[in-house]
Amino acid sequence: MNTGLSSIKLFILLLFVSALANAQVPQGLPSRWDELTASDWPKALEKSSRTCILPIGILEKHGPHAPIGSDLIQVREWAARVTKKEYAVVFPDYFYGQINEARHQPGTFALPEKVVWELLESTCEEIARNGFDKIVIINGHGGNPEFLKYFIQTRLEKRHDYAVYFFQPGSDSTYLSKMAKLHKSDQAGDQHAGERETSVLLYLRPELVKMDSASNESGINQKRLSIPDIYTAIWWFADYPNHYAGDGSKATRELGQLVTEHIISSLEKALKAVKADTKTLELQKEYFDRVKE
Ligand SMILES: [Zn+2]
């Protein structure tokens, strides 16, 4: 009768235990602000060239089938993946922005405009007070760019010793031709929770997407308001009262991978350029020196 472990079994067990212990040891410097220690700070500032990424998402309905936090999930994943290639510090979950057009839908978290503005301003000030002089905003929400650009433009109102950069990925002909091959629905109507965005979610977090529900509502433009050459606040609700624009049922993981890889490669280039950039802060200083304050 064998009452103990044979030496070979014991050896294998020890190997297994030591592998488990090693898995708990963090490798290198974390990118996430909330995972760094205070004593890591000087090293994180140096390694990031004082660059902090602020990924901005939102909480809003994404058709009948995709998660409320879809935009946040995407920007956080982009930041997590790019910083494995090019180091920067990533600010924790931030899902406060302009989302007044979806307050009639469950799950929407829309703070008053002044709070949204002051929160972003104070967040940038706090990031800068902690030693970062470059803040890169990665936005995942279609209702935010106008607000973000105006916010960034108003950084010139008062002297700031930090700069805010807004990542806006472009496209190239190779990407567009690959996209045309994989994309099945009408590209022009594919906006919110449609084929492209659902594909990205299918690629990043398939367990959160309910593909069976994607056709339960219409994502077709209902064109309920038409006044030529005029912008109104209600335009989006007029066109897409279901807060769904496109056809998520056509989504594929393959398309999601294409879009994600394109964004990450653009972001990597942009991040490298921002980290190397000294001109923006130099010009900002020259500008404020010439403004009579
Ligand atoms: Zn979205």
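Colleague: What spacing do the donors of the zinc ion follow along the chain?

Modeller: They run H-x8-D-x125-E. Histidine 62 sits in the loop between strand S1 (51-56) and helix H3 (70-85), while glutamate 197 is part of helix H7 (residues 195-204), so this pair ties together parts that are 135 residues apart in sequence. Bear in mind that this is a predicted model: local features need pLDDT of at least 70, side-chain atom pairs count only at pLDDT 80 or more, and totals for chains, interfaces and linings use all residues. Residues are numbered from 1 along each chain as its sequence is written, and side-chain values use heavy atoms, with hydrogens and water left out.

Colleague: What makes His62, Asp71 and Glu197 donors of the zinc ion?

Modeller: A donor is an N, O or S atom within 2.8 Å of the metal (3.2 Å for Na, K and Ca); water is not among the atoms, so sites may look incomplete. Here His62 (NE2), Asp71 (OD) and Glu197 (OE) lie 1.8 to 2.0 Å from the zinc ion, so they meet the 2.8 Å limit.

Colleague: Are histidine 62 and glutamate 197 buried or exposed?

Modeller: Histidine 62 and glutamate 197 are buried. That word means under 20% relative accessible area; exposed means over 50%, and partly exposed is in between (1.4 Å probe, protein chains only). Across the chain, buried residues make up 45% of the 293.

Colleague: How many helices and strands does the chain have?

Modeller: There are 10 helices and 4 strands. Both are DSSP runs numbered from the N terminus: helices are H or I with at least four residues, strands are E with at least two. Reading from the N terminus, you get α-α-β-α-β-α-β-α-β-α-α-α-α-α.

Colleague: Why do S1 and strand S3 (residues 134-139) count as paired?

Modeller: Two strands pair if DSSP finds at least two bridges between them. S1 and S3 have 6 bridges, in the parallel sense, so they pass that test. Along this pairing, threonine 51 stands opposite lysine 134, and isoleucine 53 faces valine 136.

Colleague: And how do you know that S1 and S2 pair?

Modeller: S1 and S2 share 2 parallel bridges, and the rule asks for at least two, so they count as well. Cysteine 52 is opposite valine 89 of S2. Put together, the 4 strands make an open sheet in the order S2-S1-S3-S4, with parallel pairing.

Colleague: What makes strand S2 (89-90) and strand S4 (163-166) edge strands?

Modeller: Each of them pairs on one side only. As for S1, 6 of its 6 residues are buried. Thr51, Ile53 and Pro55 point one way from S1, and Cys52, Leu54 and Ile56 the other way.

Colleague: Why is histidine 243 called buried?

Modeller: Its relative accessibility is 1%, under the 20% limit, so histidine 243 counts as buried. Histidine 243 is found in the loop between H8 and helix H9 (253-276). Although not a glycine, this residue has a positive phi, near 50°.

Colleague: Which residues does histidine 243 touch?

Modeller: Leaving out residues up to four places away in sequence, the list includes Glu60, Lys61, Gly63, His192 and Trp236. A contact here means heavy atoms within 4.5 Å. Among contacts in the chain between residues at least 6 apart in sequence, 77% join residues at least 24 apart.

Colleague: What box do the C-alpha atoms of the chain fill?

Modeller: Roughly 90 × 60 × 40 Å, taken along the principal axes.
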